[in-house]
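Visitor: I would like a short tour of this model, one question at a time.

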Amino acid sequence: MSAAATRRLTTAQALVRFLAAQYTERDGVRSRLIAGTWGIFGHGNVAGLGQALVEYREAMPYHQGRNEQAMVHAAVGHARHLNRLSAQAVTTSIGPGATNLVTGAALATINRLPVLLLPGDYFASHAADPLLQQLEHPVEADVSVNDALRPVSRYFDRITRPEALLTSALNAVRVLSDPAETGAVTLALPQDVQAQAYDWPEEFFADRVWRVRRPAPDPAELAEAVRAIRAAARPLIVAGGGVHHSEAEAALKALVDATGIPVASTQAGKGALRHDHPADLGGIGHTGTAVSDALARTADLVIGVGTRYSDFTTASGTLFQHPGVRFLNLNITAFDAHKLAAAPLVCDARSGLAALTDALAGYRVDAAYQTEYRTGKARWEEAVEGAFRAEDDSAVPTQTQVLGALDTVVGDEDVVINAAGSLPGDLHKLWRARSPRQYHLEYGYSCMGYEIPAALGVQQAAPDTPVWALVGDGTYLMNPTEIVTAVQENLPVKLVLVQNHGYASIGGLSESVGAERFGTDYRHRVADGSFTGAPLPVDLAANAASLGMDVLRAKTVRELREALSTARAATTRPTCVYVETAPAGAALPAEAWWDVPVAEVSAREAAAQARAAYERAVADRRRHL
């Protein structure tokens, strides 16, 4: 084919053809970069991308969504499960369809997960001006609602001429496939430009492979890291999501087996070691285990691997209390590697862990330290068993007993998805991850409504894998619509719907900060204006059934186990297990603090007491410099 050869297509057609020819490759394994496109059509994209997707439907799979935010969540779930080597695109119309993308985009970028957003936009020619749903700005005619996506996107462009796509499409894919700088990518597409034809160079549509690099550590940084570890008496590894993204679980295990250094995990990193490995201490931070947090307080060297150190992980700067504690951060992103005044080791997680293992030959932590953390792990396992155990199978289960029942049913290959509410705390403390991708928690943005659509994306990525979405009543009421999509696409996701009549997590937090659980129950309003009456007569199970799910109602622990087993066996249709839980406080209390500022002055006694407790806790905060 000569360099002058061209193909006349619309901008939308060219974009679809281009995306269908993009691939990633890591360790010799090639993956399709854009595995499919989610879309809801309106006047802003139906004649452009809508027409292109039907014209090239054999080259680009299409998935019909019901809510724009949910489509982004589904794409994010897909990318996370495939370790960011494959992503999905999302197209919407102009106006509310486009602004509905903002929450999902923020979630993707905060979690460093790739998703391509293709919202419609105003007419670039301004021939129709203002058109339906167009935002008018009196002094900036080039502003549209899509500009709200700029701060939550890793790359943004508005394609105002067809030929501009030649550069922007390549930049978009560069960012999507970048292991350090990925996140949401937005190409805003004016309606008229989508439909305009152009003579595109044939080279634009050739298969293109984007190699996902594994940068090795700098020798000087590696030498400093080795010195720091060899000098430490009580080192502790904090495993973050970067371990999974790099597929570095085996490299982490090799380092731990060789050195005996224990591992605690963030919400994104849980499962980096299998739960029954003797050095796996479970979650760390505000929702962490007793053994992890106890070791964190006395660690003299904290080795972060692929973590961005959120405030839950650091207990808002109060967790790492050893007087001489220092930090060593292995991270592919320099921004994260330098946090907490750490010695940085900027490299791929797998490459860096392997290099550390080789360079630390002969090093091993003291036997007494190993005995200490293994003893603490054993005590914690007893606590987990107690939280999971139900003394009476005919009783209404607590929330932790729901998790215990699920624990008896799942296999190593199952995936458990959750995002917000009280369940993330219980899961981080209690769940026993059996494989690297079993534990799927979105906690960077803690976005209610993520679970059901994310389950669809994971099910698409792993068709033969049992996928569980754990959802409380608050989350369910925010975003149940993708149940219809699961039915339409024959995705056999399993929904565990927990009814506890309100916001259990924020209710507990409200009580602890002197807000007295105000506005956190789903109950009738009573005479004094509070919501303390009888529970609302809402039947969420009936709602799920009306959207097309098979629904199993469980009232007791025994019925719950049976329903979960039935749901797991379902392979052709989505199934919901509905359970109303017994009211109970946290089975295992938080082992570390979280900074939620309390009213400095108040006439209410509850707030005054909460402020006194807050001032005691905040006194332990440290600035690691």
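Visitor: Is the crossing of α1 and α2 left-handed or right-handed?

Guide: This is a predicted model, so local features need pLDDT of at least 70, side-chain atom pairs count only at pLDDT 80 or more, and totals for chains, interfaces and linings use all residues. Residues are numbered from 1 along each chain as its sequence is written, and side-chain values use heavy atoms, with hydrogens and water left out. A crossing is left-handed if the near helix is turned anticlockwise from the far one by less than a right angle, and right-handed if clockwise. For α1 and α2, the crossing is right-handed.

Visitor: At what angle do α1 and α2 pack?

Guide: Helices here are DSSP runs (H or I, at least four residues), as are strands (E, at least two), numbered from the N terminus. Axes are lines fitted to C-alpha atoms, for helices over the stretch in contact, and angles run from 0 to 180 degrees between N-to-C directions. Helix α1 spans residues 11-19 and helix α2 residues 46-55. Their axes lie 8 Å apart, and the angle is about 50°.

Visitor: Which term describes the orientation of α1 to α2?

Guide: Angles under 35 degrees count as roughly parallel, over 145 as roughly antiparallel, 65 to 115 as roughly perpendicular and the rest as oblique. The angle of α1 with α2 is about 50°. The two helices are therefore oblique.

Visitor: Which residues of α2 make the contact with α1?

Guide: Contact means heavy atoms within 4.5 Å. From α1 come Ala 12, Gln 13, Leu 15 and Val 16. From α2 come Gly 48, Leu 49, Gln 51, Ala 52, Leu 53 and Glu 55.

Visitor: Is Thr 37 buried or exposed?

Guide: Thr 37 lies in strand β4, residues 34-39. Beyond its neighbours within four places in sequence, its contacts include Leu 53, Met 60 and Tyr 62. Buried means under 20% relative accessible area, exposed over 50%, and partly exposed in between (1.4 Å probe, protein chains only). At 4% relative accessibility, Thr 37 is buried.

Visitor: What is the bridge partner of Ile 237 in β13?

Guide: Strand β12 (residues 235-239) and strand β13 (residues 263-265) run parallel, joined by 3 bridges. The partner of Ile 237 is Val 263.

Visitor: How many bridges join β2 to β11?

Guide: An open sheet of 3 strands has the order β3-β2-β11, with mixed pairing. Strand β2 (residues 22-26) runs parallel to β11, and Gln 22 stands opposite Arg 208. The number of bridges is 4.

Visitor: What is the relative accessible area of Cys 447?

Guide: Cys 447 is found in the loop between β19 (439-441) and α18 (451-461). Leaving aside neighbours within four places in sequence, Cys 447 is in contact with residues including Gln 69, His 73 and Glu 442. Cys 447 is buried, at 7%.

Terms used: Pairing = 2+ DSSP bridges.
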